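Take a look at the chain below.

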Amino acid sequence: MNNISFQLNDEVIMKKKHACQTNLWIITRNGADIKIKCKNCGREIMMDRLEFMKKVKKVITNEKTAN
Ligand SMILES: [Zn+2]
């Protein structure tokens with residue numbers, strides 16, 4: 001995925017499952033680095049945008065939080 005668009009609080013599905021067996025995360029920081037929080041266990045991890053784009057499978061746009 002090269003041209004992926006996402007914003008803060010979007011839910012994302014990652015290619016790899018977390019240690020807790022979920023692959024659903026939420027974006028908690030959107031900048032030069034991306035921070036995502038595991039929806040299941042609450043663990044947060046940070047990575048740079050390039051790495052994030054390589055690892056993300058799908059962005060679930062959170063319509064209800066859009067202005
Ligand atoms: Zn987890």
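Two strands pair if DSSP finds at least two bridges between them. Strands are DSSP runs of E with at least two residues, helices are runs of H or I with at least four, and both are numbered from the N terminus.

The model is predicted: local features need pLDDT of at least 70, side-chain atom pairs count only at pLDDT 80 or more, and totals for chains, interfaces and linings use all residues. Residues are numbered from 1 along each chain as its sequence is written.

**Layout**

The protein chain holds five strands and one helix. Read from the N terminus, the order is β-β-β-β-α-β.

**The strand pairs**

β3 takes part in both pairings listed here.

| Pair | Sense | Bridges | Hairpin link |
|---|---|---|---|
| β2 and β3 | antiparallel | five bridges | two residues |
| β3 and β4 | antiparallel | five bridges | five residues |

β2 spans 24-30 and β3 spans 33-38. β4 covers residues 44-48. N30 has I34 in β3 as its bridge partner. D33 stands opposite D48 in β4. In the turn between β3 and β4, G42 has a positive phi of about 85 degrees.

**The core**

A residue is buried if 20 or more other C-beta atoms lie within 10 Å of its own, exposed if 12 or fewer, and partly exposed in between; the C-beta atoms are placed from the backbone. By that rule, buried residues make up 9% of the 67 residues in the protein chain.

A nonpolar core is a set of buried Ala, Val, Leu, Ile, Met, Phe, Trp, Tyr and Cys residues joined through C-beta atoms within 7 Å. Which residues make up the largest nonpolar core? There are six: V12, W25, I27, I34, I36 and F52. β2 and β3 each supply at least two residues of this core. In soluble globular proteins, nonpolar side chains tend to be buried together.

**Contacts**

Two residues are in contact if their C-beta atoms, placed from the backbone, lie within 7 Å. Setting aside residues up to four places away in sequence, I34 touches I27, R29, M46, M47, R49 and F52. Among contacts in the protein chain between residues at least 6 apart in sequence, 35% join residues at least 24 apart.

**M46**

M46 sits in strand β4. Is M46 buried or partly exposed? M46 is partly exposed, because 13 other C-beta atoms lie within 10 Å. Neighbours within four places aside, M46 is in contact with D33, I34 and K35. M46 and T28 are 18 residues apart in sequence, and their C-alpha atoms are 9.5 Å apart in space.
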